[in-house]
Amino acid sequence: MKIKAVLLTLATIAIATSAQARDDRVKFNIQDLLASSKAQSALLDVPLHFGDHSPIKFEKKYGSVSTNKKTNAFMKSDQEACEWAMLSALKALQERAIRENMTDVINITSNYKNMPFSSETEFECGAGSVMAGVALKGTLVKKAG
């Protein structure tokens, strides 16, 4: 009986240690995600512009905002978990733009663990055995005209 208890305890510790230890940085395609049915049903009607360069002219700038969203990654692929976290983060930026009476979110960059990653085509995600997370920064603006 004691052997079973010891083995169960060791197995639990091994699982918990390996689950907490994994924290990979992975990148996924933004456009593939935005074209998905998940994105179509989750996101709002606030344009999103990725990378460091603003492609639009704006008349008013609210300023920089950030969000950090996590999701359960247990029994999910890194891509599936990261896409849900990314959609949640993007929706949070869109909701903030609406709240501040802004029309667009520009200059969206990944900022996982306060390490900036700017790309017009990819986002960065922290993927672990139990959790996945996406941190974003963006600038809220009101489009000119």
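At 11% relative accessibility, Glu83 counts as buried (buried is under 20% relative accessible area, exposed over 50%, partly exposed in between, with a 1.4 Å probe and protein chains only). Before going on, note that this is a predicted model, where local features need pLDDT of at least 70, side-chain atom pairs count only at pLDDT 80 or more, and totals for chains, interfaces and linings use all residues. Residues are numbered from 1 along each chain as its sequence is written, and side-chain values use heavy atoms, with hydrogens and water left out.

**Exercise 1.** Find what Glu83 touches, and which side chain meets Glu83 in a salt bridge.

*Solution.* 
- Step 1: Glu83 sits in helix H4 (helices, H or I, have at least four residues and strands, E, at least two; both are DSSP runs numbered from the N terminus).
- Step 2: list contacts (heavy atoms within 4.5 Å). Leaving aside residues up to four places away in sequence, Glu83 touches Leu33, Lys38 and Phe123.
- Step 3: look for charge pairing. A salt bridge needs a side-chain nitrogen of Lys or Arg within 4 Å of a carboxyl oxygen of Asp or Glu.
- Step 4: check the partner. Lys38 is partly exposed, at 22%.

**Exercise 2.** Work out which parts the salt bridge between Asp23 and Lys113 ties together.

*Solution.* 
- Step 1: get the distance. The side chains of Asp23 and Lys113 come to 2.5 Å, N to O.
- Step 2: locate both ends. Asp23 is in the loop between helix H1 (2-21) and strand E1 (24-29), and Lys113 is in the loop between strand E4 (104-110) and E5, so the bridge ties together parts 90 residues apart in sequence.
- Step 3: compare accessibility. Asp23 is partly exposed at 33%, while Lys113 is exposed at 53%.

**Exercise 3.** Find the disulfide and its handedness.

*Solution.* 
- Step 1: search for cysteine sulfur pairs within 2.5 Å. The count is 1 disulfide, joining Cys82 to Cys125 with S to S at 2.1 Å.
- Step 2: read the torsion. About the S-S bond it is about -80°, so the disulfide is left-handed.
- Step 3: Cys82 belongs to helix H4 (residues 78-99) and Cys125 to strand E5 (residues 122-127), so the pair ties together parts 43 residues apart in sequence.
- Step 4: check burial. Cys82 is buried at 0%, and Cys125 is buried at 0%.
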